[in-house]
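Here are my notes on the model you sent. Please read them with the structure open.

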Amino acid sequence: MQIFKVGGAVRDQLLGRPVKDIDWVVVGATPELMRSKGFRPVGDDFPVFLHPKTREEYALARTERKNGHGYGGFSFHASPDVTLEEDLLRRDLTVNAMAQAPDGSVIDPYGGRRDLEARILRHVSPAFTEDPLRVLRVARFAARYAYLGFRVAGETINLMRQLTESGELQHLTAERIWQEFSHALMEDNPEVFIEVLRECGALKSLLPEVDILFGVPQPEIHHPEIDTGAHILGVLQQCVRFAQPLNIRWACLLHDVGKGTTDPTQWPRHIAHETRGLALIKKINERFKVPNDCAQLALLVGEFHTHAHRALELRPTTLVKLLMKFDIMRRPQRFTDFIAASEMDARGRLGLEDRDYPQADYLRKAAEVMRTVDVQPLLEQGLQGAQLGQALNEARHQAIRTYVESHK
Ligand SMILES: Nc1ccn([C@@H]2O[C@H](COP(=O)(O)OP(=O)(O)OP(=O)(O)O)[C@@H](O)[C@H]2O)c(=O)n1
């Protein structure tokens, strides 16, 4: 049997990028031979094994044939007579279809190196369409390698469009879609991920609520970029600039979906878009089974980002309500994340990227003021139950009133 390093490890090594996981392909072996050498099978269906010591993945060279929809609809043909070239042929992109032999030589039957040099993400063969997840993978690779000048080949975009139009994306599980989105949003050019998905029609199929924002105008005075879709991409870029975590990036992606529901006769204004967006954000979170921290922040940012922008004009009672809504006593980090997402929103406007956002500091300090209201003196007065609650509430309002006054 022969063992080759394969896939992403070879690609990233040739690009001079750090290699995270190493995948191996094994030619000329059987499951029995692998087991006899101490390798552990990963599952019942896949001809993939874990190395007894390194725990790296070793897959038997295989060809795949699709016999149904989605991820379940595969049958594998793995046998000792499958060649390395046959295995590489079924892979997604030419740059992912290279192997490296133990002597260091690179086996590259489909022009992966040429495409690496030309900065092109190109499918290997029509077998690309066997896995609809590849539409998302290609968009994610485009986002990751954009800084090196990579782009997706036109014929690959066409194939991605065909896959999308065939309805295959609808068979992807929520978990696989979320995995791709969550990774892609953390890349250095997440806006490229959205653009590529949009170009091949996949954004319309997976996230129509965001797709529809392209072409929706906003008032030029607040949004010099005018287009709402362009604004979302700008906000994502700011998230990268400020190294924001996933929950903030997710909230930023969805914060303006309500603008897609504005009657065009009302354009470019979007009155009450914050509340109109809530049902959509909820639906998207459910559709992708989004983890709680991301899902909740998206809802809160969707509903209250305009409150943050207007922070310095908010009346004390409104400010108290906002702070209470965020449960800032128990969930201080969530409010901090909300402020950050709102700041990214404000900065994601053409030409206004470097404008100060004093609202952030103002809100942070307001939260601090409210948190430091001391319950002890009230307890010492002998207050209990509802009375105590009421007195504490009044004390908080008073503290915020004083705070707001001191900023006038
Ligand atoms: N839907 C898929 C998933 C994987 N692969 C192949 O399997 C390899 C390993 O897959 P994976 O570890 O998911 O991706 P990497 O290319 O290693 O990318 P990453 O850097 O994101 O881990 C890929 O390079 C590609 O050759 C594929 O063809 N089609």
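Leaving aside its neighbours within four places in sequence, which residues is Arg11 in contact with? Point 2 takes this up.

1. **Ground rules.** This is a predicted model, in which local features need pLDDT of at least 70, side-chain atom pairs count only at pLDDT 80 or more, and totals for chains, interfaces and linings use all residues. Residues are numbered from 1 along each chain as its sequence is written. Helices (H or I, at least four residues) and strands (E, at least two) are DSSP runs, numbered from the N terminus.

2. **Arg11.** Beyond its sequence neighbours within four places, Arg11 is in contact with Val95, Asn96 and Met98. Contact here means that the C-beta atoms of two residues, placed from the backbone, lie within 7 Å. Arg11 lies in helix α1. Arg11 is buried because 22 other C-beta atoms lie within 10 Å. The cut-offs are 20 or more such atoms for buried, 12 or fewer for exposed, and partly exposed in between, again with C-beta atoms placed from the backbone.

3. **Binding-site records.** An unreviewed UniProt entry lists Gly8, Arg11, Arg91, Arg137 and Arg140 under "binding site". The unreviewed entry also places a "binding site" feature at Asp21 and Asp23. UniProt positions follow the numbering used here, feature names are shortened, and annotations may be inferred rather than shown by experiment.

4. **Asp21 and Asp23.** Asp21 is in the loop between α1 (8-15) and β2 (23-27). Asp21 counts as exposed, because it has 10 C-beta neighbours inside 10 Å. Asp23 sits in strand β2. Asp23 is partly exposed, with 18 other C-beta atoms within 10 Å. Outside four places in sequence, Asp23 is in contact with Val6, Gly7, Gly8, Ala9, Glu57 and Ala59.

5. **Arg137.** This residue lies in helix α5. Arg137 has 18 C-beta neighbours inside 10 Å, so it counts as partly exposed. Not counting residues up to four places away in sequence, Arg137 touches Asp92 and Glu180.

6. **The ligand shell.** Which residues are around the ligand? They are Gly7, Gly8, Asp21, Asp23, Arg91, Asp92, Asn96, Ala97, Asp131, Leu133, Arg134 and Arg137. Being near means that the C-beta atom of a residue, placed from the backbone, lies within 6 Å of the molecule. Helix α5 gives the largest share of the shell, three residues. By class, the shell has two nonpolar, three polar and seven charged residues. Ala, Val, Leu, Ile, Met, Phe, Trp, Tyr, Cys and Pro count as nonpolar, Asp, Glu, Lys and Arg as charged, and the others, Gly among them, as polar.

7. **α5 against α8.** The axes of α5 (residues 133-145) and α8 (residues 190-199) come within 7 Å and cross at roughly 145 degrees. Axes are lines fitted to C-alpha atoms, for helices over the stretch in contact, and angles run from 0 to 180 degrees between N-to-C directions. Val138, Ala139, Arg140, Ala142 and Ala143 in α5 meet Pro190, Val192, Phe193, Val196 and Leu197 in α8. The residues of this contact are nine nonpolar, no polar and one charged.

8. **α8 itself.** Seven of the 10 residues in α8 are buried. They are Pro190, Glu191, Val192, Phe193, Ile194, Val196 and Leu197. The buried residues of α8 pack against several elements, including α5, α7 (174-185) and α11 (228-241). Just after α8, Gly201 takes a positive phi of about 90 degrees.

9. **α14 against α16.** Helix α14 (residues 292-309) packs on helix α16 (residues 332-347) at an angle of about 65 degrees, with the axes 9 Å apart. The residues of this contact divide into nine nonpolar, three polar and three charged.

10. **Backbone points to check.** Most residues other than glycine have a negative phi, and most peptide bonds are trans. Arg55 has a positive phi, near 65 degrees. Arg55 is in the loop between β4 (48-50) and β5 (57-60). Lys289 has a positive phi of about 50 degrees, and is found in the loop between α13 and α14. Trp267 and Pro268 are joined by a cis peptide bond, with omega about 0 degrees.
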